[in-house]
Amino acid sequence: MRIGELSRLTGASVRSLRYYEEVGLLRPLRHPSSYREYRQQDAATVRGIRLMLAAGLSTATISELLPCMTDDGEALAPSCAGMLPDLHRERERLSNAAADLLAARDRLDTLIQTTSRLDPADPSECDAVTAPR
């Protein structure tokens, strides 16, 4: 199948599919005319890539984990327990990032709460905000 058909089949943009090839996640057959020819199994690979991207994994990590995935007929599924430490590491990274975002939101809430106590009728308080830069 051609790249447009794979795009329609998987929901991935043509640009994304080219990027997946560029970083080595997809390896379509190449015709002498330079056309890419994708196999049916590439659709499952793309779905697996998209699932792992949605889970917050980088393409570099996906590249490491992809060999440990097999097509179960519906999508890619883990096929070796050796990838478990990598998945735990990525989960910890995401947990830390989530904690950082929550802490930033809490600081913003503090700023909002403090600002809401100011007198909106006092124009001197807003000079810094409304002054042109």
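## A buried glutamate and its surroundings

The side chains of E21 and R36 are joined by a polar contact of 2.4 Å. This model is predicted.

**Around E21**

E21 sits in helix α2. Is E21 buried or exposed? E21 is buried, because its relative accessible area is 19% and the cut-off for buried is under 20%. Leaving out residues up to four places away in sequence, E21 touches L26, P28, R30, R36 and Y38.

One of these residues, R30, also forms a salt bridge with E21. The closest N and O atoms of that pair are 3.2 Å apart. R30 itself is partly exposed, with a relative accessible area of 44%. Side chains of opposite charge can pair when their charged atoms come close.

**The overall layout**

The protein has 133 residues, and 25% of them count as buried. It contains 6 helices and 4 strands. From the N terminus on, the order is α-α-β-β-α-α-β-β-α-α.

Take the contacts between residues at least 6 apart in sequence: 45% of them join residues at least 24 apart. The protein exposes about 9300 Å². Carbon and sulfur atoms supply 56% of that area.

**The nonpolar core**

The largest nonpolar core holds 22 residues. Which of them touch the most other members? They are L6, L17, Y20, L26, V46, M52 and L66. Helices α1 (3-10), α2 (14-22), α3 (40-54) and α4 (59-65) each give two or more residues to this core. The largest share, 5 residues, comes from α3.

L66 shows how such a residue is surrounded. Beyond its neighbours within four places in sequence, L66 is in contact with L25, T45, I49, M52 and L76.

S34 lies in the loop between β1 (29-30) and β2 (36-37). Most residues other than glycine have a negative phi. S34 is not a glycine, yet its phi is positive, at about 75°. S34 counts as partly exposed, at 47% relative accessibility.

**Along helix α5**

Helix α5 covers residues 84-116. L84 belongs to this helix. L84 is partly exposed, with a relative accessible area of 45%. L84 and L65 are 19 residues apart in sequence, and their C-alpha atoms are 9.7 Å apart in space.

Charged pairs come next. The count for the model is 6 salt bridges. Three of them are listed here.

| Salt bridge | N to O distance |
|---|---|
| R30 and E21 | 3.2 Å |
| R89 and D86 | 2.8 Å |
| R89 and E90 | 3.3 Å |

Why are R89 and D86 separated by about one helical turn? The reason is that they are 3 residues apart in helix α5. R89 counts as partly exposed, at 39% relative accessibility. Salt bridges that share partners join D86, R89, E90 and R93 into one network.

I112 is also found in helix α5. At 49% relative accessibility, I112 counts as partly exposed, because the exposed class begins over 50%. Together with L108 and L111, I112 forms a nonpolar patch on the surface. The accessible area of this patch is about 300 Å².

Methods:
Residues are numbered from 1 along each chain as its sequence is written. This is a predicted model: local features need pLDDT of at least 70, side-chain atom pairs count only at pLDDT 80 or more; totals for chains, interfaces and linings use all residues. Side-chain values use heavy atoms; hydrogens and water are left out. A nonpolar core is a set of buried Ala, Val, Leu, Ile, Met, Phe, Trp, Tyr and Cys residues joined through side-chain atoms within 4.5 Å. Buried means under 20% relative accessible area, exposed over 50%, partly exposed in between (1.4 Å probe, protein chains only). Contact means heavy atoms within 4.5 Å. Patches are made of residues with over 30% relative accessible area and no salt bridge: like charges are joined within 9 Å, nonpolar side chains (Val, Leu, Ile, Met, Phe, Trp, Tyr) within 5 Å. Accessible areas come from the Shrake-Rupley method with a 1.4 Å probe; for residues, only the protein chains shown count as cover. A salt bridge is a side-chain nitrogen of Lys or Arg within 4 Å of a carboxyl oxygen of Asp or Glu. A polar contact is a pair of N or O atoms within 3.5 Å; within protein, one must be able to donate a hydrogen and the other to accept it, and residues adjacent in sequence count only if both atoms are side-chain atoms.
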